Amino acid sequence: MADTAFLDAIADSDVRDAVASYISTHSDATSVFASLISHFAPPSTAKKRKRSPQLHPSSGAATSPLLIAPGISFSVPQRKKLTLAIYSDRIVLLPGTASTTDSDIIYSISTRDLTGYMYLQTPARATKSYTMVLLPRTPSPNKFEAMVFTVPDSAAAFSGTQATDNEHASAIILRVLSNLGIPRLDDTQTFAVEAHRGTKDGYLNFSTHGVLFGFKKPIWYVDKEDIDAVSYESITRVTFNLIIAVAGDEEVEFGMIDQERFAEIDGYVRKWGLADRSMAEERMAKSELKHKHHENGGELSKAEQKWREQGGEVEDGAPGELSVDEDDDDEEDDENFEIDEDDDDGGSPSESSGEEDGGGGGQQDYDEPDYDEPESDE
């Protein structure tokens with residue numbers, strides 16, 4: 001792992017944290033930052049110093065961690081086992097199974113920069129476990145790096161001033177976060193449904209505080225109060241799409257949701273008084289335009305293929321645009337250019353093919369969910 005001791009030369013803790021967070025996910029930038037800091041920092045502070053095991057990474061003051069939890073399985077920001085270190089005002093990630101803070105920091109965030117956390121039962125796992133998502137406070141729900149890790153439902157050997165013996169890992173972490181006053185954003189009314197964003201699948205979690213889609217990065221979360229409206233599209237007997245409009249005219253589409261979960265989602269929308277714009281004229285116009293685009297595209301492709309089979313040429317230009325030589329008076333070619341309406345090859349996309357697009361074209365793809373244990377650094 002790259003040496004990040006040069007971060008000690010940054011006097012401003014907020015700047016230092018921002019740099020540490022950036023290089024944790026852009027390791028190739030580490031050497032660039034090191035050179036810049038070494039060039040501009042005064043010689044006395046630019047000199048590399050080894051961190052003390054009890055040195056708080058943000059303030060430089062000697063403090064003891066509240067909790068050190070080694071060997072925790074993370075999926076974000078890195079898919080591997082890391083050490084979770086919780087201080088009175090900061091949460092830090094360290095390599096592998098480190099039992100002290102005498103290690104390079106992989107990721108660090110101030111507790112005041114956290115919106116809150118969700119503690120959710122991990123889906124599709126034979127052994128009962130829980131996934132914890134720590135959500136940073138940012139202006140846009142799409143632009144941040146969350147922490148996502150699996151907490152075993154078993155006793156853990158943690159250390160720190162608030163660690164206790166024979167207590168389950170989940171209970172210890174929840175207690176420490178609660179003592180720090182970090183809001184918990186899920187509750188007993190939270191429910192999850194499978195959904196797609198773009199071509200990848202995941203889980204939409206609806207809580208009394210907001211909606212979370214995960215568990216691969218980038219995690220998407222929006223506070224309930226920031227939801228402008230919702231709408232339902234591409235409704236079939238089996239599935240439907242849900243579009244969530246948030247502040248700033250941003251729309252995020254989730255597709256392939258099972259019809260059996262419609263009542264739960266619609267109940268959530270009604271309970272919290274969220275606007276349903278499914279029948280709004282603008283929304284219906286967009287939906288109709290998209291449907292016609294698919295239909296017209298299919299018919300043009302069908303006609304184009306038939307024309308090619310008859311020896312016709314297609315010029316470069318708009319997709320499906322047929323080219324006919326105006327000087328060719330051969331009536332036989334005109335007679336041969338007929339579209340067989342009974343021909344099933346290359347016909348218009350059906351309703352279900354539109355559904356398979358999953359909605360949200362142009363949205364960022366996700367890795368296929370895989371909830372196996374991450375690789376250990378050991």
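Salt bridges come to five here, counting a side-chain nitrogen of Lys or Arg within 4 Å of a carboxyl oxygen of Asp or Glu. This is a predicted model, so to speak, with local features needing pLDDT of at least 70 and side-chain atom pairs counting only at pLDDT 80 or more, while totals for chains, interfaces and linings use all residues. Residues are numbered from 1 along each chain as its sequence is written, and side-chain values use heavy atoms, with hydrogens and water left out.

**Salt bridges and their surroundings**

- Arg175 pairs up with Glu167 in a salt bridge, and the closest N and O atoms sit 2.9 Å apart.
- On accessibility, the labels run like this: buried is under 20% relative accessible area, exposed is over 50%, and partly exposed is in between (1.4 Å probe, protein chains only).
- Arg175 is partly exposed at 27% relative accessible area, whereas Glu167 counts as buried at 19%.
- Another salt bridge links Arg184 to Asp186, with 3.1 Å between the closest N and O atoms.
- Here Arg184 is partly exposed at 36% relative accessibility, while Asp186 is buried at 7%.
- Arg270 and Asp266 also meet through their side chains in a salt bridge, at 2.8 Å from N to O.
- These two, Arg270 and Asp266, are four residues apart in helix 5 (residues 262-271), so about one helical turn separates them.
- Arg270 is exposed, with 64% relative accessibility, but Asp266 is buried, with a relative accessible area of 10%.
- As background, side chains of opposite charge can pair when their charged atoms come close.

- Helices (H or I, at least four residues) and strands (E, at least two) are DSSP runs, numbered from the N terminus.
- Strand 1 covers residues 67-76 and is mostly tucked away, with seven of its 10 residues buried.
- Two strands count as paired if DSSP finds at least two bridges between them.
- Strand 1 pairs with strand 2 (residues 80-86) in the antiparallel sense, over six bridges.
- Within that pairing, Ala69 has Leu84 of strand 2 as its bridge partner.
- Three residues lie between strand 1 and strand 2, and the two strands form a hairpin.
- Strand 1 also pairs with strand 7 (residues 147-152), again antiparallel, over three bridges.
- On that side, Phe74 stands opposite Phe149 in strand 7.
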